[in-house]
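This briefing sets out the fold and packing of one protein chain for computational work. Please view the sequence and coordinates first; the notes follow, grouped by topic.

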Amino acid sequence: MLYEVIGIVRPTSLAEVREIVLAAGQLVLQQKGVIRGLQNWGEFSLPKAISVHQMRHTTGYYFAMRFDASVAAQEDVRKMLRLDPRMIRHSSVRLGDGKLGTMSRLGGIDWSKSGVE
């Protein structure tokens, strides 16, 4: 199945983002998954202040990773991100229905458009 994980890492250093993404990617690859895309969106202000691990955060590094993997691999990635104290938030979604025709239509995210059309 194709999954997308979007994560927010505490804003201390870009090296922490690399370490977290590398660990998540290695989990996917160890369980015979395939990484389809990886994007670093950079540092942004959070919509509202978030308290996690006894710290209050107002900004964070955002990243997105798309991967094909089993349900067990996706659960392991979610568990690893949930337990990592450097993570502020993460969200994981399954994309498509697993059929090739649907999966080929899923493209990248175009952030250049503003507003609802």
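**Loops with positive phi**

Q54 has 86% relative accessibility and therefore counts as exposed, a term that applies over 50% relative accessible area, with buried meaning under 20% and partly exposed in between (1.4 Å probe, protein chains only). The model is a predicted one, in which local features need pLDDT of at least 70 and side-chain atom pairs count only at pLDDT 80 or more, while totals for chains, interfaces and linings use all residues. Residues are numbered from 1 along each chain as its sequence is written, and side-chain values use heavy atoms, with hydrogens and water left out.

- Q54 sits in the loop between β2 and β3, and its phi is near 60°, a positive value in a residue other than glycine.
- K32 belongs to the loop between α1 and β2; its phi, near 65°, is likewise positive in a residue other than glycine.
- K32 is exposed, at a relative accessible area of 77%.
- Most residues other than glycine have a negative phi.

**Helix α1**

- Helix α1 covers residues 14-30, a total of 17 residues; helices are DSSP runs of H or I with at least four residues, strands are runs of E with at least two, and both are numbered from the N terminus.
- From its first C-alpha to its last, α1 reaches 24 Å, close to the 24 Å expected at 1.5 Å a residue, where the expected span is 1.5 Å times one less than the number of residues.
- E16, V17, I20, V21, A24, G25, L27 and V28 are the buried residues of α1.
- Seen down the axis of α1, these buried residues fall within an arc of 165°, so they line one face of the helix; the arc is that of the directions from the helix axis to the C-beta atoms.
- R18, L22 and Q30 are exposed on the other side of α1.
- The cover over the buried residues of α1 includes β1 (2-9), β2 (34-52), β3 (55-68), α2 (71-83) and β4 (87-95).

**Sheet and helix packing**

- Four strands form an open sheet in the order β2-β3-β1-β4, with antiparallel pairing; two strands pair if DSSP finds at least two bridges between them.
- β2 and β4 stand at the edges with a single partner strand each, so one side of each is left without a neighbour in the sheet.
- From one strand to the next, the twist averages 20°; axes are lines fitted to C-alpha atoms, for helices over the stretch in contact, and angles run from 0 to 180 degrees between N-to-C directions.
- Eight bridges join β1 and β3 in the antiparallel sense, and the bridge partner of I8 in β3 is Y62.
- α1 lies across β1, β2, β3 and β4 and runs at about 35° to β3.
- α2 packs on the sheet, touching β1, β3 and β4, and its direction makes about 165° with that of β4.

**Nonpolar cores**

- The largest nonpolar core has 19 residues, of which V9, F63, F67, V77 and L81 touch the most other members; such a core is a set of buried Ala, Val, Leu, Ile, Met, Phe, Trp, Tyr and Cys residues joined through side-chain atoms within 4.5 Å.
- β1, α1, β3 and α2 are the elements that give two or more residues to this core, and α1 gives the most, with six residues.
- Leaving aside its neighbours within four places in sequence, F63 is in contact (heavy atoms within 4.5 Å) with V5, I6, G7, V9, V17, I20, V21, Q39, W41 and M87.
- A second, separate core of eight residues includes L46, I50, Y62 and I88.
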